[in-house]
Amino acid sequence: MNKISAFVNVNDELLAKYYNNLLGNESLISSLNFFTSNSELQIDNLICVDFLNSSGTIKKISDASESEFILLINKPVKISFSPHSLERFISIAENTSAGIVYSDYYEMTNPIKPHPLIDYQHGSLRDDFDFGPALFFAASNFRSAAEILNSYYKHAGFYSLRLIISEQREIFRIPEFLYSAEQLDLRKSDAKQFDYVDPQNRSVQIELESAVTEHLININAFIKPAQRRIDFSEPKFGTEASVIIPVKNRVKTISDALDSAVKQKTNFPFNIIVVDNHSTDGTTEIIKNFSDRFDKIIHLIPESEDLLIGGCWNLAVNHNNCGKFSVQLDSDDIYKDESTLQNIVDLFHNECCAMVIGSYLLTDINKNPIPPGLIDHKEWSDENGPNNALRINGLGAPRAFYTPLLRQIRVPNVSYGEDYFLGITISGEYKIGRIYYPIYICRRWEGNSDSDLDIDKLNRNNYYKDKLRTVELARRINFNKEK
């Protein structure tokens, strides 16, 4: 019956005592081991490691595993298993031959709260993919992957391990709540989403990029960054650029956005296309007032009532008066100063690129800076940006596009991830221009569409972006096969 070697991340003796009581007499557990980077802890069966997520930690766990399966609790939290949960993990692992099995769980709150997860797919390359704190491995697969893991990583060991395992076997989610767990990170969802671009995490990002690049090479999805340039001489446009603003019920913020747009100073003609998606809160009247005062504002109200943000973009870029370049301005946000539009268009011409992505400052609704401040996405590089883009969850803002290409690709009619789709699609073939100084202000407030998402909405968003990556991976693999 002793089929499981358990490895638990602990940060103090009390947590180790908790798990000794929980698992020490469990008949399915052949050995209970603890691992930590704190060598001063006085705990039996303790594995001291350099860094918790290092490849060295992986090797030590691999060497200490002695059973058919490995239970890994990779966060220093209390977990309470439901009756017969370990048997369920074993049964699923045996029947599916999966390399990793994970399950939904409950959060230890009062009352307890469900924490459903999402299925793993080929495109689940995000380094922050949520497996929950308990993972169940086929030990033979863990050990073989640990042997393959030749690169030394301080921070990307576990990330690289699961990518290697995904190349060999299925990663399987059990859609059942098999345990309850404490929550360490109680921040709201919108506060967590910028962790990967925090400059303090730069060294971690470099390692994670190396790991995902290795993986893409292994599965034949790696692409050499394209440097295809655009000839802007054809077709002819009456207007050089259009600021595109999709909006619905933003009576608090639309005036600032429009004011920011009309104040742009350029050496070329531009207009502002506002797609007012059937607002009912007074937004329509504000836009009409602006359009009455400024000829360059085009106020569109769609005939269709089924358009989301992507559909509004399609309506705008296919308008007869849309300019050569289509430039984003969300209805919550503003351009940093009067030169933003000029800077974007200059870069298009200087680099003959198909898409330009800028950098932005995070502020509250009153434009007071909030952490982490500047979001410049310097993890992008011309040498490997299109590959690393499949690991991260965003590419930056504002985004601007060569309009004929956007008309050809078409924007998915969704309200989340449409910009990411365009970035990973265009970057696979064309040059992407980057601006690393702030030209945009992203205002965070309770009305944002991604403000403090509940777990179901967050899961839907993440699943959709993973699906976009899955499709893009398939496209790149097929492209490489045909070369």
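**Helix packing and backbone exceptions in a predicted model**

Let me start with helix 4 (residues 139–148) and helix 5, which pack at an angle of about 115 degrees with their axes 9 Å apart; the axes here are lines fitted to C-alpha atoms, for helices over the stretch in contact, and the angles run from 0 to 180 degrees between N-to-C directions. Please keep in mind that this is a predicted model, in which local features need pLDDT of at least 70 and side-chain atom pairs count only at pLDDT 80 or more, while totals for chains, interfaces and linings use all residues. Residues are numbered from 1 along each chain as its sequence is written, and side-chain values use heavy atoms, with hydrogens and water left out. Helices (H or I, at least four residues) and strands (E, at least two) are DSSP runs, numbered from the N terminus.

The crossing of helix 4 and helix 5 is right-handed, a term used if the near helix is turned clockwise from the far one by less than a right angle, with left-handed used if the turn is anticlockwise. On the helix 4 side, the contact (heavy atoms within 4.5 Å) is made by Asn 141, Phe 142, Ser 144, Ala 145, Ala 146 and Ile 148, and on the helix 5 side by Leu 161, Ile 164, Ile 165 and Gln 168. By class, the residues of this contact divide into seven nonpolar, three polar and no charged, where Ala, Val, Leu, Ile, Met, Phe, Trp, Tyr, Cys and Pro count as nonpolar, Asp, Glu, Lys and Arg as charged, and the others, Gly among them, as polar.

Is Ser 62 buried or exposed? At 9% relative accessibility Ser 62 counts as buried, since buried means under 20% relative accessible area, exposed over 50%, and partly exposed in between, with a 1.4 Å probe and protein chains only. Leaving aside its neighbours within four places in sequence, Ser 62 is in contact with Phe 142, Arg 143 and Ala 146.

Helix 5 (157–168), for its part, is among the elements that cover the buried residues of helix 7, and so are helix 12 (385–388) and helix 15 (455–482). Those buried residues of helix 7 are Gln 205, Glu 207, Leu 208, Glu 209, Ala 211, Val 212, Thr 213, His 215 and Leu 216. With 17 residues (202–218) at 1.5 Å a residue, helix 7 should span 24 Å, and its end C-alpha atoms are 25 Å apart, which agrees; the expected span is 1.5 Å times one less than the number of residues.

Helix 15 brings us to another pair, because its axis and that of helix 14 (residues 418–427) come within 10 Å and cross at roughly 15 degrees, which makes helix 14 roughly parallel to helix 15. Angles under 35 degrees count as roughly parallel, over 145 as roughly antiparallel, 65 to 115 as roughly perpendicular and the rest as oblique. The contact is made by Tyr 420, Phe 421, Ile 424, Thr 425 and Ser 427 of helix 14 together with Lys 465, Leu 468, Arg 469, Glu 472, Arg 475 and Arg 476 of helix 15, and these divide into four nonpolar, two polar and five charged residues.

The axes of helix 8 (residues 254–262) and helix 9 (residues 283–293) come within 10 Å and cross at roughly 20 degrees, and the two helices are therefore roughly parallel to each other. Here Ile 254, Ser 255, Leu 258 and Asp 259 of helix 8 meet Thr 283, Ile 286, Ile 287 and Phe 290 of helix 9, giving five nonpolar, two polar and one charged residues.

Finally, the backbone. Most residues other than glycine have a negative phi, and most peptide bonds are trans. Asn 220, which follows helix 7, has a positive phi near 65 degrees, and Asn 45, although not a glycine, has a positive phi of about 55 degrees. Cys 352 likewise is not a glycine and has a positive phi of about 50 degrees; Cys 352 is found in the loop between helix 11 (340–351) and strand 15 (355–364), and at 26% relative accessibility Cys 352 counts as partly exposed.
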